[in-house]
Amino acid sequence: MTRGADQVRAETAASGDGASAVRAAGTQPGAGRWLENRAVDGWLPRLDLAEVWASREIAVVLALRNITIRYKQTFFGVAWALLQPLAAVGIFTLIFGRLAQLPSEGIPYPVFVYAGLAIWFYFSQSATLASESLAQYRELVTKVYFPRLLAPVAAIVPGLVDLAISLLAVGVFMAIYGVAPTGAIVFLPLWLVALVILTFGVGTWLSALNVQYRDVRNALAFLLQLWFFASPIVYGSSLLEGSWGFLLALNPLVGLLEGFRWSLVGAPFPGPEALVSLATGIVVVASGIVYFGRAQRRFADLI
Amino acid sequence: MRSIEVHEVSKRYRLRGHYYVTLRETLAAVLRRNGVRSKRDFWALRDVSFTVDEGEVVGLIGRNGAGKSTLLKVLARITVPTRGVARMRGRVGALLEVGTGFHPELNGRENIFLNGAILGLKRADIRRRFDDIVEFAGVQEMLETPVKRYSSGQYLRLAFSVAAHVEPDIVVVDEVLAVGDAEFQRRCLGKMSQFAQEGRTVLFVSHDLGAVARICERAIWLEDGEIKHDGPTNRSIDLYLDARGERAASVEFPSEPDKPVQLLSVGIADEAGALMDTPQRDEPLAVRTRFLVREPLRALDVKIYLMTRRGIRVLEENLSDQQSDAACGSVPGEWEATVVVPPILAAGDYVLGVAIRSPYQRFVDQEVLTFRLWPPPDERQESVDRSRIVQPGVRWRVESRADRPTG
């Protein structure tokens with residue numbers, strides 16, 4: 001821990017007056033801190049979060065790259081971020097809203113489903129990107145050291161731009177259908193942060209698994225299809241009452257979607273089963289970080 | 001002050017049947033309650049310990065697979081040791097093989113920032129050095145091009161340039177001299193000598209023993225994952241060469257039917273062409289190269305070179321220098337090329353290399369054998385160990401000046 005703290009101090013010093021700090025390092029070689037690579041003992045991985053934070057610049061460069069690729073032509077980037085959910089909203093409104101008459105908690109169906117899809121698109125796209133992050137940075141992982149955790153971190157950042165565009169679009173839909181936001185909207189950032197953390201947890205699992213097992217990509221496509229219909233996106237949770245509801249809430253997205261809709265479009269406050277979602281969410285994130293920490297010892301040898 | 005500490009480091013690799021395993025196979029194996037697959041262990045490093053002081057320039061030598069690259073990977077924290085601990089102090093600029101820390105899909109500009117960030121620089125720091133980096137690498141025109149489209153030389157120049165401009169405390173360089181043109185190699189070596197003079201620590205891995213000998217004052221010889229010798233460069237190189245090459249007067253090569261040109265045999269002979277087991281320095285030395293040409297080729301050139309064990313090239317002769325249109329290229333068949341070297345070389349051990357090439361293609365380029373040039377019987381045998389290149393038969397004359405008038 002002491003080492004981590006030193007590191008952060010060193011970083012702050014450097015960022016305070018970059019030029020002189022670098023010159024100082026240049027004129028006095030060896031004045032820096034020790035970088036250690038020690039054989040692993042014990043089951044729990046060592047995760048130097050201070051080091052991850054100090055190296056955030058790497059995640060910024062990688063994330064910026066993904067964003068610039070996507071929005072290189074601004075018009076098409078934004079259009080794509082809008083078209084995909086809009087098409088889905090249209091189809092789902094027709095099939096699930098009109099024909100199947102699925103419940104939407106008293107909210108106009110297009111608004112209801114768009115809110116859910118905004119979350120889902122961020123989650124599924126970022127999880128997919130994260131799953132490939134380490135395999136994609138093969139050249140880096142085998143040749144240089146950087147905190148490996150930054151690869152999935154960088155993968156879940158670019159989706160935030162799409163998410164922001166989606167949220168604006170949902171706002172427009174709300175205005176069109178006359179859905180006024182309630183006071184609960186102040187909690188909106190809370191749900192978004194929870195979404196990012198959950199996506200990060202799933203992303204750590206997938207990226208580490210994808211290094212070891214190359215069929216993760218196929219499995220993930222299938223998993224995401226199941227996950228989509230197991231989450232209350234095209235239907236309201238009221239469809240599944242009682243003990244079924246608790247079983248379904250093992251899916252951490254359930255509580256998240258309910259809470260998000262409560263804040264944004266005034267859906268009912270999540271029921272007690274949301275606590276189950278919270279618990280599984282915490283388990284997924286914690287176990288993901290531990291699994292990643294254990295697996296990362298082997299990354300360079302496996303990729 | 002210590003700069004690098006390696007303490008009882010061992011690294012085990014598990015070799016599997018496949019390159020990778022699938023999740024499906026693993027789950028199936030778990031359900032069947034048997035192991036995934038039989039594994040074999042391979043120890044790339046065994047109990048390696050050494051320390052390097054600040055400002056030392058240390059070479060790492062040893063044959064392929066001796067553990068040099070694994071050791072650097074452990075030092076650079078790319079892979080975790082199975083046992084032991086390795087530490088380095090300060091900012092480490094590492095160049096492991098070609099293009100360290102580049103993402104092939106990113107362009108030159110983005111990679112400079114990425115690489116700088118990995119080496120621990122802020123964006124502002126990188127921006128300030130950006131022009132210097134680009135200029136040293138000479139890739140101004142290519143900045144917006146993904147580095148995967150770079151030539152290996154451009155790739156390497158950029159990688160070296162970034163590593164050289166981040167003001168590292170420790171420079172780790174692995175085999176960069178294998179690629180790149182002569183001019184760039186000279187600049188790299190110059191930069192590394194400059195690092196050494198500035199008191200930075202340099203760890204240098206190369207097959208080019210001459211370069212190691214020129215730059216490093218100390219060398220570590222690794223063999224089968226263990227340190228065989230750690231000491232002054234010349235001593236380490238000597239021991240390594242002794243272990244590597246059984247000295248031989250001639251070498252035969254197995255047939256390689258798919259090659260248009262191949263070596264058949266190379267030998268050290270006397271002027272008459274008879275092989276010599278113990279060539280003497282005061283006799284002419286003939287290098288006899290037999291090779292097979294399987295298809296007509298234009299302008300085939302044969303080159304032989306001799307290097308001392310310190311890697312200094314003392315002799316290099318091209319057939320084309322004297323016979324601009326030798327017939328051997330245009331007519332397939334067996335050929336013998338002999339070069340007679342007059343007796344001027346010093347007694348000692350030499351590495352003989354042979355290259356055969358056309359203007360467009362290199363068919364052969366390898367060190368073929370190590371031989372000893374013996375001192376004549378009336379000369380002290382220890383004279384072999386002197387560090388000199390020529391011994392053209394000087395004469396000493398010593399007379400007493402006592403009975404002559406001074407002045």
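**Helix packing and its surroundings**

Modeller: Chain A has a secondary structure of 15 helices and 1 strand, where helices (H or I, at least four residues) and strands (E, at least two) are DSSP runs numbered from the N terminus. This is a predicted model, in which local features need pLDDT of at least 70 and side-chain atom pairs count only at pLDDT 80 or more, while totals for chains, interfaces and linings use all residues. Residues are numbered from 1 along each chain as its sequence is written, chains are lettered from A and ligands numbered from 1 in the order written, and side-chain values use heavy atoms, leaving out hydrogens and water.

Of the 303 residues in chain A, 51% count as buried (under 20% relative accessible area; exposed is over 50%, partly exposed in between, with a 1.4 Å probe and protein chains only). Contacts here mean heavy atoms within 4.5 Å; among those in chain A between residues at least 6 apart in sequence, 82% join residues at least 24 apart.

Now the close look. Helix H6 (residues 109-136) and helix H10 (residues 188-212) of chain A pack at about 35°, their axes 7 Å apart. Axes are lines fitted to C-alpha atoms, for helices over the stretch in contact, and angles run from 0 to 180 degrees between N-to-C directions. On the H6(A) side, the residues in contact include Ile119(A), Tyr122(A), Phe123(A) and Ala130(A); H10(A) brings, among others, Leu195(A), Val202(A), Gly203(A) and Leu206(A). By class, this contact has 14 nonpolar, 7 polar and 1 charged residues, with Ala, Val, Leu, Ile, Met, Phe, Trp, Tyr, Cys and Pro counted as nonpolar, Asp, Glu, Lys and Arg as charged, and the others, Gly among them, as polar.

Helix H4 (residues 56-70) of chain A has 15 residues and spans 21 Å from first to last C-alpha, close to the 21 Å expected (1.5 Å times one less than the number of residues). Its buried residues include Ile58(A), Val61(A), Leu62(A) and Arg65(A).

Chain A gives 51 residues to the contact and chain B 61. Between them they bury about 4800 Å², 57% of it on carbon and sulfur atoms; buried area is the accessible area (1.4 Å probe) that two parts lose on being put together, summed over both. Trp34(A), Asn37(A) and Lys143(A) supply 16% of the area that chain A buries against chain B, more than any other three residues.

As for chain B itself, its secondary structure comes to 9 helices and 17 strands, and 51% of its 407 residues are buried.
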